[in-house]
Amino acid sequence: HLSKNGQFSFQVPLGVGFRKQNYYYNYNLDNTLYSGAGLYYYPFGQKKFSYFLGPEFRLGYVRESHYDEVWDPVYYKVLVETQTAYFKYFFRNGIQYMPIDNLSFSANFGLGVKYYKVSGYFDKTAHFAINLGYRF
């Protein structure tokens with residue numbers, strides 16, 4: 001935590017993706033690597049069970065794949081794959097359980113915006129996560 005009363009914390013998330021997921025019709029995004037920073041406020045302090053809220057940003061890479069439809073002279077689909085950077089900014093709130101001083105489990109939900117370099121525009125995003133953390 002950042003303050004003597006334990007009401008603020010700074011987090012550095014790190015994620016690595018290994019499997020393909022997130023299928024949406026013929027469009028697929030696979031999260032390969034991300035990191036970022038978050039500043040969280042604990043209105044009641046950090047205790048065994050705590051509520052928190054605050055902003056977070058992330059930078060990362062995704063593997064994007066989709067099928068393009070081609071008529072030449074017959075119809076077929078071609079798989080197109082690219083790797084691209086992304087940026088997310090969202091506001092999270094959640095609950096944290098700390099069975100011991102250095103270990104935490106949390107569940108959180110966030111809303112914000114995302115920007116994928118391949119698409120070139122900002123879009124709305126929602127975020128849900130269950131985390132295991134280590135406190136220094």
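**Labels and their grounds**

Modeller: Gln 7 is a place to begin; Gln 7 sits in the segment before β1, the strand of residues 8–11. Keep in mind that this is a predicted model.

Colleague: Why is Gln 7 called buried?

Modeller: Buried means under 20% relative accessible area. Gln 7 has 18%, so Gln 7 counts as buried.

Colleague: Which residues does Gln 7 touch, leaving out those up to four places away in sequence?

Modeller: Tyr 40, Tyr 41, Tyr 42, Pro 43, Phe 44 and Gly 45.

Colleague: What makes Glu 56 and Arg 58 a salt bridge?

Modeller: The cut-off is 4 Å between a side-chain nitrogen of Lys or Arg and a carboxyl oxygen of Asp or Glu. The N to O distance for Glu 56 and Arg 58 is 2.7 Å, within 4 Å, so the pair is a salt bridge by that rule. In general, side chains of opposite charge can pair when their charged atoms come close.

Colleague: How many salt bridges does the rule give?

Modeller: Two. Arg 92 also forms one with Glu 56, with the closest N and O atoms 3.2 Å apart. Here distant parts of the chain are linked: Arg 92 belongs to strand β6 (residues 75–100) and Glu 56 to strand β5 (residues 49–71), 36 residues apart. Salt bridges with shared partners join Glu 56, Arg 58 and Arg 92 into one network.

Colleague: What makes Tyr 42 and Phe 52 a tilted pair?

Modeller: The centres of Tyr 42 and Phe 52 are 5.7 Å apart and the planes are at 40°, so the pair is tilted. Tyr 42 is in the loop between β4 and β5 while Phe 52 is in strand β5, so the pair ties together parts 10 residues apart in sequence. Both Tyr 42 and Phe 52 are buried.

Colleague: How is the pair of Trp 71 and Tyr 75 described?

Modeller: Trp 71 and Tyr 75 are also a tilted aromatic pair, at 4.9 Å centre to centre with 45° between the planes. The rule gives eight aromatic pairs, and Tyr 40, Tyr 42 and Phe 52 form one aromatic cluster.

Colleague: Which residues form the nonpolar patch on the surface?

Modeller: Phe 8, Phe 10, Val 12, Leu 39 and Tyr 41, with about 460 Å² of accessible area together. Strands β1 and β4 (27–41) are the elements that give two or more residues to the patch; Phe 10 is in strand β1.

Colleague: What does the chain as a whole contain?

Modeller: Zero helices and eight strands. Of its 136 residues, 33% are buried. The chain exposes about 9300 Å², and carbon and sulfur atoms supply 62% of that area.

Notes
Residues numbered from 1 in each chain as written. Predicted model: local features only at pLDDT ≥ 70, side-chain atom pairs only at ≥ 80, totals over all residues. Heavy atoms only, no water. Helix = DSSP H or I, 4+ residues; strand = E, 2+ residues; numbered from the N terminus. Buried < 20%, exposed > 50% of the residue type's maximum accessible area, 1.4 Å probe, protein only. Contact = heavy atoms within 4.5 Å. Patch = residues over 30% accessible without salt bridge, like charges linked within 9 Å, V, L, I, M, F, W, Y side chains within 5 Å. Areas by Shrake-Rupley, 256 points an atom, 1.4 Å probe, with all protein chains shown as cover. Phe/Tyr/Trp six-rings, centres within 6.5 Å; stacked < 30°, edge-to-face > 60°.
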